[in-house]
Amino acid sequence: MPSPPFPIDETEPCLRKPPGLSAPKNVTFKGGCPKQTRADCVRLFILGLLFVAIFIFGAFLALFIGHWRAKNNLDRYTHIHDDEETPSAFPRNQTVRDVYPPFSNEYADQLFHSNSKDVPDFPIIPVPKSVLPVHYDLHLDFTEISTKEHIFGNVSILFESFSNSTDDELIFHAAQNIFFHRIRVRHEGRPLKLTSVRRQVSKKLVRIVLNERLNASWYTLEIEFRTKICQQDGEGVYCYRKQIVHNETEHPTEFVGFTTKFEPTLASSFIPCWDEPRVKASFSIIVKHERALTVLSNTAILKKKGRRKSRNEDVVVTNFAKTPPMPVYLLAFAVGDFQPLEVRTSRNIPITIWAYPEDFLKIRYAANFTPSIFDLHEQEFNSLYPLKKIDFVAARNFPVGGMENWGLVVFHYSMLLLDSQLEENENMTVDLIAEQYKIEKIITHEVSHQWFGNLVTPYDWQDLWLNEGFATFYTYEFLKHTRPLLATNEYYLRLIQLFDKQSSTERVALVRPVTMQSDLNKMFDRLHLYTKGAVMVRLVKDLVGAEEFKPGIQKYLEKNAYQSVDNLSLWAVMPTFADHGATREKVSEVMESWLTREGLPEIKFSRNYDDHTIEITQSVADANRHIVFLREDATDHAWESRSARRRRCHRGRCHRSTRSRLGSAENIAEGPLWTIPFTYLFGSSTSSKGQTVRQFWIRNMTTKFVDVELHPGEMVLANPQWMYPFKVNYDVTNWRLIIDQLVTKCEEIPTFSRLQLLVDAETYLMMSEYPQVYIHFLSYLARENDLGLLLRGLDQVYTAVELFSSTVIIGPLLVYLQPVFRHFDEMLDYSTNDPNTGALWMLEPKRLTKLYQLRCIGNMPSCDQKKMIDDWLKYPMALDAQQHQRVSAVCHYLFTQAGTQEIALLSGILKQKGGEWTVAMQLATCVRDEHLLREVSKRIINTMNAAVYVSVLQSSYAVQYNRKFREIFWQGIAELPLTERQLLFSVVDTSSSDHIAQMLIHSARSLSELKIIMRLLPSPNRIIQLNIDYLVRKLSWIETTAVSQINEFLVRGS
């Protein structure tokens, strides 16, 4: 379409509006255009000056306070006293039992669709169902994207009005960066008169009021518009600009191209549309663009017609095939100077990988892998891919790992490219497998979406698990054929991380209402959506059986093709009932309890060894419920901080808190329960008596019965092979029976049962009344030969060592665990010789660092301390942060026996500014020389960066506790001005406490260190104070009760 004769900057429904006039956010236009007077110009000029003044003031303000972070609410805490409570959304009836230590990492990776960038919040208002679009004829002009970063469009939308419509309004979506030039509504070719056009910019809604009511018939909505693109993040269009090397202009970059990502509700930032997943329509697309640029869309190109725009510039018009019905969020475009690499499926469907010239040589692996996984999808689903092509684009600027647009999948280039040097280097085999697996995962995930999400779409965003859950589930299912170790172990790794999150404050239901844009943004969570969704799909498969699940999925895809569905559509194709034991339950009712219930369940299995009684209790999983020092009856009030004691004591009279306890099962308002398929077994399959298996459903909070066949000396194992997603706690006697079995013949317990036992033991034993039982449990790892289980065990051993690193028990504990350390070493050597096994380490690369630290603190020969320190002394500038093994050994040497030579060397490196400075700073925190520690502490504090403080305190190179460094560091923090300390430890907003501030406080590993922190805190707000109270209890329990119990256990030697 031709460009308008004059620039239109802020066009509303007015057909021809003078340039420079902006419409209010909510305004109704009737008839022609407003007339601009001289007074209007003066007002606009004054308004412009005001905007400039505000901008300058904002820039100055950001510069003044930006060295910490966004420092709002500073004045609020300037005069706070201990007995004052700060305004906060943190509920006032919360107690220390509601404090969960902050996660040091966020578990999320870049694989999928989640975009963490903040976007404005607004209500999600469904458009009326009485009018639905059926087809879009979309003509777009991309010829000015490189110069003015806008597009012109002309869309004709065929929509149906249903007989129940009594409205004279037509409502659709369009964001504020879309400017209307002309709007028409036609019925059977006849234009209808428009009474008004009203835009609600905050809700991205457009309301057209007609002069007559809509009948049950077909209508056409015609809109000419202009869209500004690439103005800000979160608008759905992501431009790529290259740096100009030899630049003679004021602009150092040039526009290269763009890609789109419209999920969830960003298509309305590109074209006027009905931007809801339930609304499916077909699209016919024609794009005018420069001949030098490649333009891709969802479907194959029908034809290109070239024409000369000017003497120096050629343009072409590309006509794309009509799409099948799809939601508008799947509409996609990719524009750039891409180069193609084409491969074909067994049905001869072209799969083309498009990349920029600088990336072209790295797309070979993706091209070779995709056809086979594509064929596998068609075979498994018995459903043919309906389009005539599929394109993959390696985009240089893209906010997420991949987006599954139908026929045009866009990836962040880092997720799709494989460096050819990895394939040619024989010494990097493990790294090669890890990179290949990363590419295989994201391709498999996005190909699965061509069926789950594209062919069959969720009716509403609350049903998003039908997209992401199935795509994630099939990613693991398909890759188990070629990468069994990696796919299986990653599934359980993510399951464990999911339980960690959903056992804390982040208990969220998989299916929940979505009423605000912020609700929708939160849906795209790596664990709470993708992992939990996959876990629920697997639960369905396990309930109905694999032989019923596969045909059920095939029927689901066939029956609902090109439709929008909810959970009921899935239950309709699955068996009605699921059998477990002697009874059956309706699959839909079982699953609804799992989908809509917040959190995940845990089971308490308690035995009475005298009368054979068993009591089973279900509750929502909660990590704090089982922590002994958070129980009211275990509170030693000598542990409390002064402010906590002052709150509890009033007028000289002290009393126990009467607030309800989160950790108390009897006080929790459980609400609806889960329907849980429960199994337990006892006995040995190798014995003459054999193994007994019990299966039944748990529907109530408490179930009590007698099992006379269960001998008191036999252990009970629940949920064999971690079949279903719930945690299990046992009475301590049964835990001891399990441990006896593990330390003698662990292989008689199924592999994934051992994994669940390992994970559950950390939850239920580590900080219980029986910490010594947990330490005994960890000793079994010296006999474990499954690398996946050992890697999880490595995490837990490291946590236990870190927990007691500042106590007198650390030496004997390290001696006790030395057989475990040696076994870790042996398994590392073994996995080095088998790259497919060794790649398991790359699922969580930090585990290698943990092993290096445990080697050294345990004085293992594999630490190779002497060689590492000799090499460092010879080449001190050759050490970098990636050499974790060497840095860990050097750090341990410096901590145990650093002399004047090493101190002087470190001091000299610290005076330089280079890549080695960061490593030297971390190494300097390992020494005990007071002068050097004061120097490095000063340098660290002078960064004025709280994230650096946390990084140093949670060192990546050492697990040992350097008490001297921490004392000097916190003394330096105490010397900061009051306002700086207030900003460092106070609440940033009214909804939550600052995550970094909490991590700083939770870095304390001893009670003496915590007391130093408490003295320097400037009247902490209530949330921080609760975290301090939590740590007082924790560290007091560690240094008194736990140390005493573990010491007695170690002395006794069993």
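This is a predicted model: local features need pLDDT of at least 70, side-chain atom pairs count only at pLDDT 80 or more; totals for chains, interfaces and linings use all residues.

User: How many aromatic pairs does the structure hold?

Analyst: Rings of Phe, Tyr and Trp (its six-membered ring) pair if their centres lie within 6.5 Å. By this criterion the number of aromatic pairs is 56.

User: Why is the pair of Phe258 and Phe270 classed as it is?

Analyst: Planes under 30 degrees apart count as stacked, over 60 as edge-to-face and the rest as tilted. The ring centres of Phe258 and Phe270 are 6.5 Å apart and their planes stand at 55°, so the pair is tilted.

User: Are Phe258 and Phe270 buried or exposed?

Analyst: Buried means under 20% relative accessible area, exposed over 50%, and partly exposed in between (1.4 Å probe, protein chains only). On that scale, both Phe258 and Phe270 are buried.

User: Which class does the aromatic pair of Tyr680 and Phe682 belong to?

Analyst: Tyr680 is buried, as is Phe682. Their centres are 6.3 Å apart with 25° between the planes, and the pair is stacked.

User: Which residue lies over the face of Phe895?

Analyst: A charge sits over a ring if NZ of Lys or CZ of Arg is within 6 Å of the ring centre and within 35 degrees of the ring normal. Arg597 lies over the face of Trp674, at 4.4 Å from the ring centre. Over the face of Phe895, at 4.0 Å from the ring centre, lies Arg928.

User: What is the volume of the largest cavity?

Analyst: On a 1 Å grid over the protein atoms alone, a cavity is a set of points where a 1.4 Å probe fits but cannot get out, and lining residues have an atom within 4 Å of a point. Grid points are joined across faces, edges and corners, and a volume is the space filled by probe spheres set on the points. There are eleven cavities of 30 Å³ or more, and the largest has a volume of about 140 Å³.

User: Which residues are the closest to the centre of the largest cavity?

Analyst: The largest cavity is lined by 15 residues. The closest to its centre are Thr925, Val952, Ser955, Gln960 and Asn962.

How values were computed. Residues are numbered from 1 along each chain as its sequence is written. Side-chain values use heavy atoms; hydrogens and water are left out. On a 1 Å grid over the protein atoms alone, a cavity is a set of points where a 1.4 Å probe fits but cannot get out, and a pocket is an open set with protein on both sides within 12 Å along at least five of seven lines; lining residues have an atom within 4 Å of a point.
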